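Colleague: I've got a model open and I'd like to learn how to read a few of its features. Could you walk me through them?

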Amino acid sequence: MDVGIIGGTGPLGRGLATRFAVAGLDVRLGSRDPERAGKVVADIAAMCANPDCKLTGVSNMDAAAAEIVFITTPWDGAVSTVKPLAGELAGKPVVSTLNALVKTGKEFLPMLGPRGSMAGLVAAALPQSMVVAAGHHLPASVLCDIPATLQADVLLCSDHPTAKKAVCDLLRQIEGIRCLDAGSLAQSGALEAFTAVLINVNMRYGGEATVAISGLDR
Ligand SMILES: NC(=O)c1ccc[n+]([C@@H]2O[C@H](COP(=O)([O-])OP(=O)(O)OC[C@H]3O[C@@H](n4cnc5c(N)ncnc54)[C@H](OP(=O)(O)O)[C@@H]3O)[C@@H](O)[C@H]2O)c1
């Protein structure tokens, strides 16, 4: 299984790449500048200290050729980035981690666009892809820090059950992640908006909290 990360040179892309590589998956870390991607990959590989770390720094186009592709660009660059890659991304799971947030005074607020979520906008831009919204609440700094223990529930939503299962199976390979099916893509606005709440809590109490749902049978 290979995983592509579009916009992979930022904190979340690096963090996911690190954890997927540690799990032994092939990772294509994408960038607008493949040279920059190559440097990031070299940094991760040095940290990884695992000869099985299979990471490649590539263009976003090459990242889009992977079997499952994550979008980890800033929210306002996402649609213009993925639209030209629609052909490469057709027929496969594409994961939107995007949170459209704005800082107003001391707090972050969600901006729910015309389709109610960034995942909805991505799905509209990529009608041939199976868009899954997931990973909004994962703390990039913890993902990047290999020895750090991660304990996170990832809530996923999509209109494509097979894609949701494929992404769930993939994310579960990262130690400490439990995946929970949160419904159809119509739920993605709620997931994205909750990120603003989580960031505000983290800023208030100082931490890297993520989501952990209690009360479920495991
Ligand atoms: N950071 C977190 O903890 C976290 C957690 C969960 C979800 N998220 C979501 O994940 C996404 C990425 O967050 P991040 O903090 O990792 O991102 P970021 O550092 O702001 O951006 C990631 C990468 O995207 C590329 N990029 C920058 N501007 C772009 C543009 N206008 N168009 C296309 N590509 C552009 C850059 O790579 P190149 O210059 O190399 O192309 C950059 O390194 C966000 O939408 C965020 O809401 C973040």
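Colleague: Where does Gly 183 lie?

Modeller: Keep in mind that this is a predicted model. Gly 183 sits in the loop that links strand 10 (177–181) to helix 9 (188–205).

Colleague: How far apart are Gly 183 and Ala 212?

Modeller: In sequence, 29 residues; in space, 17 Å from C-alpha to C-alpha.

Colleague: On to helices. How do I describe two that pack together?

Modeller: You give the angle between their axes and the distance between the axes. Here, take helix 4 (residues 75–82) and helix 6 (residues 118–125): their axes come within 9 Å and cross at roughly 10 degrees. Helix 4 is therefore roughly parallel to helix 6.

Colleague: Which residues make that contact?

Modeller: Helix 4 brings Trp 75, Ala 78, Val 79 and Val 82, while helix 6 brings Met 118, Leu 121, Val 122 and Ala 125. By class, that's eight nonpolar residues, with no polar and no charged ones.

Colleague: Now the ligand. Which residues come nearest?

Modeller: There are 24 residues around the ligand, and Gly 7, Gly 10, Ser 31, Gly 77 and Ala 140 come nearest. Helix 4 turns up again: helix 4 and helix 1 (11–22) each supply at least two residues of the shell.

Colleague: How do the residues of that shell divide by class?

Modeller: Into 13 polar, eight nonpolar and three charged.

Key. Residues numbered from 1 in each chain as written. Predicted model: local features only at pLDDT ≥ 70, side-chain atom pairs only at ≥ 80, totals over all residues. Axes fitted to C-alpha atoms, helices over the stretch in contact; angles between N-to-C directions. Helix = DSSP H or I, 4+ residues; strand = E, 2+ residues; numbered from the N terminus. Parallel < 35°, antiparallel > 145°, perpendicular 65-115°, else oblique. Contact = placed C-beta atoms within 7 Å. Nonpolar A, V, L, I, M, F, W, Y, C, P; charged D, E, K, R; others polar. Near = placed C-beta within 6 Å.
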